[in-house]
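This report looks at the salt bridges of one protein model. The structure is shown first, and the pairs are described after it.

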Amino acid sequence: MPGGFWAYCACVLVTGGGLLAGSLTAQAAGDDANICIKESGDAAIDACSRAIQSRRYTGHVLARQYLSRGVERRTKQDYDLALSDFAEALKIDKKYADAFYNRCAIYNFKKEYDSAITECSQAIKLGPGTEATMAGGSERLGKDHALSDYYTERGFAYFKKEDAIHAFVDLDNAIRLNANNGRALKTRGLAYEAKGDSRATADLASAKLLGE
């Protein structure tokens, strides 16, 4: 009888320990998921990696973790790793407009403007989701502001290809959607300047006030 009693107690202790360990693991994974989305820099990258490797997440949640890690890697100019993350996000969610947009931005950095146009065109076609945020997740963007960014990147690519007609259409759309889009104002100002158009002065001045 005593032996049976102690055997029962040991079983309860082991089971209880397993439940506690499982609870702590779940909490740690949840913390990583939150840090991945809300923080920035290496802390976010490491948290995203742990969340992804935990295999606790699937679907769009997992795609967003890849996207968040890619955005932080893009900020660190680790472009190949970032592109890999965005590709993984799109394998999981083929309609993830922000992943296409971020690929567009990287191709612009790499001066691969035709690829940038292709990616941004897909982002514009799909339209932004409701969860678009600034890098690090510190500021949620409205759909108009996110779409403004999509048009800006494509307009920049057209500008660099010296396709003024398409560049102005995109940049006008970007500024219509977000009048405080400094990058769009600067790019349009440079496009006006290249044409010798006096409207360049106002756009460039506004962009400078906005930090561009």
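## Helices α1 and α2

R50 and D32 form a salt bridge, with 3.0 Å between the closest N and O atoms. A salt bridge here is a side-chain nitrogen of Lys or Arg within 4 Å of a carboxyl oxygen of Asp or Glu. Because R50 belongs to helix α2 (residues 41-53) and D32 to helix α1 (residues 2-38), the pair ties together parts 18 residues apart in sequence. Helices are DSSP runs of H or I with at least four residues, numbered from the N terminus.

R50 is partly exposed at 42% relative accessible area, while D32 is buried at 10%. Buried means under 20% relative accessible area, exposed over 50%, and partly exposed in between (1.4 Å probe, protein chains only).

## Basis of the model

The model is predicted: local features need pLDDT of at least 70, side-chain atom pairs count only at pLDDT 80 or more, and totals for chains, interfaces and linings use all residues. Residues are numbered from 1 along each chain as its sequence is written, and side-chain values use heavy atoms, leaving out hydrogens and water.

## Pairs involving helix α9

E153 and R183 form a salt bridge, the closest N and O atoms being 2.8 Å apart. E153 is in helix α7 (residues 143-160) and R183 in helix α9 (residues 182-195), 30 residues apart. E153 is buried at 6%; R183 is partly exposed at 27%.

R188 meets D203 in a salt bridge of 2.6 Å, N to O. This pair links helix α9 with helix α10 (residues 200-209) across 15 residues. R188 is buried at 15%, and D203 is buried at 7%.

The whole structure has 13 salt bridges.

Conventions: Helix = DSSP H or I, 4+ residues; strand = E, 2+ residues; numbered from the N terminus.
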